[in-house]
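This note is meant for a colleague who is meeting the structure for the first time. Please read the numbered points below with the model in view.

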Amino acid sequence: MAKGFKSTPQGYSASFNDEEVTLMIKLFKDVALTLEPEPAEGTDELAELVGITEDPQVPLDPAVARMLPVASDDPEVADEFRRYTERNLREMKIGHLKMAAVDIEAKNVVLNEEHARAWAAALNDVRLTLGSRLDISSDADAEAVAAHNDWRKVQTVEDYMSLVYNFVTWLQDTLMEAMLTQLDDSSPENTEGRS
């Protein structure tokens, strides 16, 4: 059984068993694959080089649309924002997911600040994707998913996905709590008088 993240002098540490490692690697890689942009014909090489999306569209996949949301109620502003940021945002998210997939191979994970931030982003994107696949759009939906807490009672794909969603949520919560603890410990009030 996984041990959630804790703040330690060496970094943010957590441990996973083999099944959890396999599951998380698959999730990280699947979400990264989902974020890969569709190849477009006749793209401008210079625009691609500098990260400009020639014909920005809201992603059709609802999970990707959650990860790359519309930035403004003004369609013109939203399109312009997507045109100049979407490619770089996709690449950054894919990088975070790939980093987390490599980190977790160790089973006993110790993250520095950079890797902890990448994990926080990667876990959030996994949660957004699972939440989209489970069609979580209200508090009632979230409560129904949260009620799944027994792996022995899995009967459907939705049951399984709900348990995975809850596991990823718990893991993200432990990481965020550990990061907040570290932030509190390094605040000026807590460092005064230390030498």
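In what order do the elements of the chain run from the N terminus on?

1. Fold order. From the N terminus on, the elements run β-β-α-α-α-α-β-α-α-α-α. The secondary structure comes to eight helices and three strands; helices (H or I, at least four residues) and strands (E, at least two) are DSSP runs, numbered from the N terminus.

2. Basis of the values. This is a predicted model, in which local features need pLDDT of at least 70 and side-chain atom pairs count only at pLDDT 80 or more, while totals for chains, interfaces and linings use all residues. Residues are numbered from 1 along each chain as its sequence is written, and side-chain values use heavy atoms, with hydrogens and water left out.

3. The chain as a whole. Of the 195 residues in the chain, 39% are buried (buried means under 20% relative accessible area, exposed over 50%, partly exposed in between, with a 1.4 Å probe and protein chains only). Among contacts (heavy atoms within 4.5 Å) between residues at least 6 apart in sequence, 70% join residues at least 24 apart.

4. Helix 4 and helix 5. The axes of helix 4 (residues 75-103) and helix 5 (residues 113-133) come within 8 Å and cross at roughly 105°; axes are lines fitted to C-alpha atoms, for helices over the stretch in contact, and angles run from 0 to 180 degrees between N-to-C directions. Helix 4 is therefore roughly perpendicular to helix 5 (65 to 115 degrees; under 35 is roughly parallel, over 145 roughly antiparallel and the rest oblique). Residues of helix 4 that meet helix 5 include Leu97, Met99 and Ala100, and those on the helix 5 side include Ala118, Trp119 and Val126.

5. Thr129. This residue is found in helix 5 and, at 8% relative accessibility, counts as buried. A polar atom of the Thr129 side chain lies 2.9 Å from the backbone oxygen of Asp125. Not counting residues up to four places away in sequence, Thr129 touches Val31, Ala63 and Met67.

6. Two loop residues. Ser138 lies in the loop between helix 5 and helix 6 and counts as partly exposed at 31% relative accessibility; the Ser138 side chain reaches the backbone nitrogen of Asp141 at 3.1 Å. Asp150 lies in the loop between helix 6 (139-146) and helix 7 (157-185). With 18% relative accessibility, Asp150 counts as buried, and the Asp150 side chain reaches the backbone nitrogen of Arg152 at 2.9 Å.

Note on methods. A polar contact is a pair of N or O atoms within 3.5 Å; within protein, one must be able to donate a hydrogen and the other to accept it, and residues adjacent in sequence count only if both atoms are side-chain atoms.
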